[in-house]
Structure formats: C-alpha cells, structure tokens
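Open the structure in your viewer and keep the selection tool at hand. The stops below each give something to select and say what is there.

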Amino acid sequence: MPHGPRQLLEHRVAEISTELEALFESAREQARQEQAEQLNQAVRRLRIAPDAGEVCATLADAAARLASGAILFRVAEGTATSDRIDVPLADAPALAAAAESQDPWIAAALPGEVSAPLVELLAHAPDTRVAIFPVVAGDRVGALVYCWGAVQVAALELLAQVASA
C-alpha cells in the first residue's frame with residue numbers, strides 16, 4: 001500500500017490507466033462485433049435478394065452505413081444512373097475505369113475524374129477522394145457503388161463482390 005502522497009498518486013494513476021485500457025479493449029471488441037453483424041446481415045440480405053432492385057437497395061443501405069456518403073449507380077448504355085443524377089461514363093473517367101476494369105477504383109473527386117455535375121451535386125471539396133466499387137452482373141458491370149469521406153473500403157469491396165456472385 002502506498003504511504004506518501006506521491007506514491008498514492010502514482011498508484012491511482014496506474015489503476016486508472018489499467019481501467020482505461022480495459023474500457024478501450026471492451027469498446028474495440030464491441031465495435032468489431034457490431035461491424036461483423038452488420039456485414040453478416042448485409043451478406044444474408046444480398047444472398048436472398050429476389051431481384052436486382054433488392055440487391056441495389058441492400059447495397060445502397062449498407063454503403064450508407066460504411067461510408068460518410070454513398071450513391072449507387074446502375075450502369076447501362078454508357079451511363080451511370082442513380083435516383084439523384086445521370087452521369088455519362090464518357091464524362092467521368094474514374095467511373096468508366098471502374099466499370100471497364102471491374103476492379104475497385106480510388107480517384108480524386110474532381111470534375112475531370114467523376115464529372116462536373118456530380119462534383120457540384122455532392123459539393124465535393126477539391127481534396128476529396130472517392131472509392132468506386134463495381135458490381136459485376138454476368139460479364140459486365142451492372143452497378144457502381146460510389147463512396148466518399150470516411151470509407152470502409154474492405155467492407156464495401158466485400159459486399160460488392162458478394163453482390164456480384
């Protein structure tokens with residue numbers, strides 16, 4: 001047992017430090033469990049989705065929870081279409097690259113990369129980066145999940161791959 005004020009203070013600081021470490025570890029474990037449950041639920045919904053519309057709705061919902069901002073575009077006839085905007089792929093090289101390569105794409109949110117109307121609609125700051133995840137349907141990309149801000153890239157890539165299966 002500490003005897004002097006200094007030893008008492010050092011002992012109390014050590015106790016508080018130990019308690020804080022336990023609280024942080026508990027919070028991290030709870031966050032991991034919640035994320036795993038969210039992913040599991042989204043994968044389950046994707047697997048039982050009866051049609052492309054439900055797959056898109058599930059992806060849009062999951063993306064909204066896994067990024068600061070997200071839009072799901074359907075891709076057809078050279079245009080990425082959402083309920084908010086239509087973007088010709090010819091005007092958005094980053095979207096076109098994700099659609100053509102069928103691989104996730106990270107790009108600057110600049111008019112020359114994602115189109116001026118999209119940058120204006122979303123009020124992207126000049127230093128904003130976006131992540132674009134293709135959803136493959138057969139031999140072509142049927143949808144793109146477009147995300148910005150704090151993006152959980154690995155989780156969204158996983159969901160796009162599950163939706164593609």
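Start with the pocket lining: by class, the largest pocket is lined by ten nonpolar, two polar and one charged residues. Here Ala, Val, Leu, Ile, Met, Phe, Trp, Tyr, Cys and Pro count as nonpolar, Asp, Glu, Lys and Arg as charged, and the others, Gly among them, as polar. The model is predicted: local features need pLDDT of at least 70 and side-chain atom pairs count only at pLDDT 80 or more, while totals for chains, interfaces and linings use all residues. Residues are numbered from 1 along each chain as its sequence is written, and side-chain values use heavy atoms, with hydrogens and water left out.

**The largest pocket**

Select Ala52, Val55, Cys56, Val135 and Ala137, which lie nearest the centre of the largest pocket among its 13 lining residues. Helix H2 (52-66), E5, E6 and helix H6 (153-164) each give two or more residues to this lining, and H2 gives the largest share, four residues. Helices (H or I, at least four residues) and strands (E, at least two) are DSSP runs, numbered from the N terminus. The pocket's volume is about 190 Å³.

On a 1 Å grid over the protein atoms alone, a pocket is an open set of points with protein on both sides within 12 Å along at least five of seven lines, a cavity is a set of points where a 1.4 Å probe fits but cannot get out, and lining residues have an atom within 4 Å of a point. Grid points are joined across faces, edges and corners, and a volume is the space filled by probe spheres set on the points.

**The cavity**

Next select Gln38, Leu39, Ala42, Ala62, Arg65, Leu66 and Leu159, the lining of the largest cavity. Helix H1 (5-48) and H2 each give two or more residues to that lining. The largest cavity has a volume of about 30 Å³, and a search of the whole structure finds one cavity of 30 Å³ or more.

Stay on helix H2 and pick Thr58. Is Thr58 buried or exposed? Thr58 counts as buried, because its relative accessibility is 1%; buried means under 20% relative accessible area, exposed over 50% and partly exposed in between (1.4 Å probe, protein chains only). Leaving out residues up to four places away in sequence, Thr58 touches Ala42, Arg45 and Leu46, where contact means heavy atoms within 4.5 Å.

**The largest nonpolar core**

Now select Phe73, Leu95, Leu118 and Tyr146, which have the most contacts inside the largest nonpolar core, a group of 26 residues. Such a core is a set of buried Ala, Val, Leu, Ile, Met, Phe, Trp, Tyr and Cys residues joined through side-chain atoms within 4.5 Å. Among the elements supplying at least two of its residues are strand E1 (67-76), helix H3 (93-101) and helix H5 (116-122). H3 brings the largest share, five residues.

**Two loop residues**

Move to Gln102, in the loop between H3 and E4. Gln102 is not a glycine, yet has a positive phi of about 60°. Most residues other than glycine have a negative phi. Finish at Ser115, in the loop between H4 and H5, where phi is also positive, about 95°.
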